[in-house]
Amino acid sequence: MYRSEDHRTFAAPSENGMDVPGEQSASEVWTRVKRRLRAELGEDIFASWFGRLELDSVIEGCAYLTVPTRFLKSWIESHYADRVLAVYRSEAGDVERVSIGVRSTLGRDPAAQRRASEAPRPAPAPSMAVPSMNHDIKAPSAPSSQDERGEAGDLGGAPLDPRLTFESFIVGRSNALAHAAADRVAHAQNGQAIYNPLYLHAGVGLGKTHLLHAIGHAVRAEGRRVIYLTADRFMYGFVASLKAQTSLAFKERLRGIDLLIIDDVQFIQGKQIQQEFGHTLNALIDAGRQIVIAADRPPADLENLDERVRSRLAGGLVVEVSALDEALRTSILTTRIEALKTIHPTFEVGPSVIAYVARSITANGRDLEGAVNRLLAHATLTNSAITLETAETAIRDLVRNREPKRVKIEDIQKLVASRYNVSRSDILSERRTAAVVKPRQIAMYLSKVLTLRSLPEIGRRFGGRDHTTVLHAVRKIEKALGEDHALSDEVELLKRMLQE
């Protein structure tokens, strides 16, 4: 139990991870703080900068927060520290200050966080990736001191995982086009740039990072120069070069390579950083150098990115890696199980169990990996055969606790427009005919119900309308739903279509 300076009870996580009972728990307050930050800043900014911000503890009036990279720590402290503190104090008056640390360096020890401001911070130890099958593995975001030196003194690429190659990538209907495009880029004759840039987009755990690493390995094997960067690492390198006054070397280092790979480009933030990113794209493409980009959405949906950069990204080949179909999920499970049998010869999983897992877990490759690990644990720890009943118990949390699909306002607008035979531009326009007003109001209502956007933000997304217009639309549809059963059924169908 931690106590604030005025000695009122303020619970914090206990050693077993559960909150100690009190007037209000630290985790409950932190949940409210995050909810308010999301509402005030918008989903995109929150996801980019605060999605990985976690509460460690609250001690003597100070909330100790952690992030995974030094760049995130620096950026949040420079741009949002006052906002975070203001929101925190409004939810918990006992909190008088906020301290942000780096998890990879400080771990989970609050005392270490307090000492960090008084002692030099050691470079984080190299991170070992967990074996995977067709899903994303992220290299450490913040470079070590050795990485930072690089050839130009400011930037070194993140390491390529030796397991993520074309040989270990399992091809199915949902990823065949992306695999073919990646293979063609990696083995282009004489290193000629094609499909430039190649832009892959997919949800979490569908294999886009695997393909990026595979391209990097193939190109590097031919003796060509490759840099693989996450968006965090690119931003960290740029900001570090500005501070060290070596930005020219940073630019020359990037533009003197044969292949630039950028992962999670949706996280690139800041006007100056985006401008430099755009200049780098232009310089490399004009020089005939290959660029490969990955993100969680197509270029047109990167709302925070400069329009000229989005246009440049869309000018190459844009390929979506869609959800894994059942046949591909079965292949991934079978391959992973066979690989584990070389280490655990008694590990046997029958076809009926594999089929059950493939039908039950549909989200991504990471959940499939988790399912195999759970089956292995049950088999080795209990010394018993894997049955359908065992499998059902083992993967229950993966089936029940999948995160709901994140719904975007643009998706709502497109679906509603298609359903009511109008265009998205009609919904965003000033037209006030009945054929347009009704779909517009339904789309506004769904945006309020299915997203965390504030009313002013929704209004901006609907052609710059005032928040009172959105509020009027929401109230009107809410009233109509209680009176018109056909409309109620129609809206429920739209909700299901958007959330599936």
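Over the face of which residue does arginine 52 lie, and at what distance from the ring centre?

1. Arginine 52 lies over the face of phenylalanine 267, and its distance from the ring centre is 5.4 Å. The model is a predicted one, and this contact should be read accordingly.

2. Aromatic pairs in the structure number 3. One of them joins phenylalanine 50 to tyrosine 80 in an edge-to-face arrangement, with 5.2 Å from centre to centre and 70° between the planes. This pair links distant parts of the chain, its members being 30 residues apart. Phenylalanine 50 belongs to helix H2 (residues 43–50), whereas tyrosine 80 is in the loop between helix H3 (70–79) and helix H4 (81–91).

3. Both members of that pair can be assigned by accessibility. Phenylalanine 50 counts as buried because its relative accessibility is 2%, under the 20% cut-off. Tyrosine 80 has a relative accessibility of 16% and therefore counts as buried as well.

4. Another of the aromatic pairs is formed by phenylalanine 234 and phenylalanine 277. The pair is edge-to-face, with the centres 5.5 Å apart and an angle of 75° between the planes. Here too the pair links distant parts of the chain: phenylalanine 234 is in helix H10 (residues 231–243) and phenylalanine 277 in helix H12 (residues 271–286), 43 residues apart.

5. The burial of this second pair is as follows. Phenylalanine 234 has a relative accessible area of 0% and is therefore buried. Phenylalanine 277 is likewise buried, with a relative accessible area of 0%.

Technical notes
Residues are numbered from 1 along each chain as its sequence is written. This is a predicted model: local features need pLDDT of at least 70, side-chain atom pairs count only at pLDDT 80 or more; totals for chains, interfaces and linings use all residues. Side-chain values use heavy atoms; hydrogens and water are left out. Rings of Phe, Tyr and Trp (its six-membered ring) pair if their centres lie within 6.5 Å; planes under 30 degrees apart count as stacked, over 60 as edge-to-face and the rest as tilted. Helices (H or I, at least four residues) and strands (E, at least two) are DSSP runs, numbered from the N terminus. Buried means under 20% relative accessible area, exposed over 50%, partly exposed in between (1.4 Å probe, protein chains only). A charge sits over a ring if NZ of Lys or CZ of Arg is within 6 Å of the ring centre and within 35 degrees of the ring normal.
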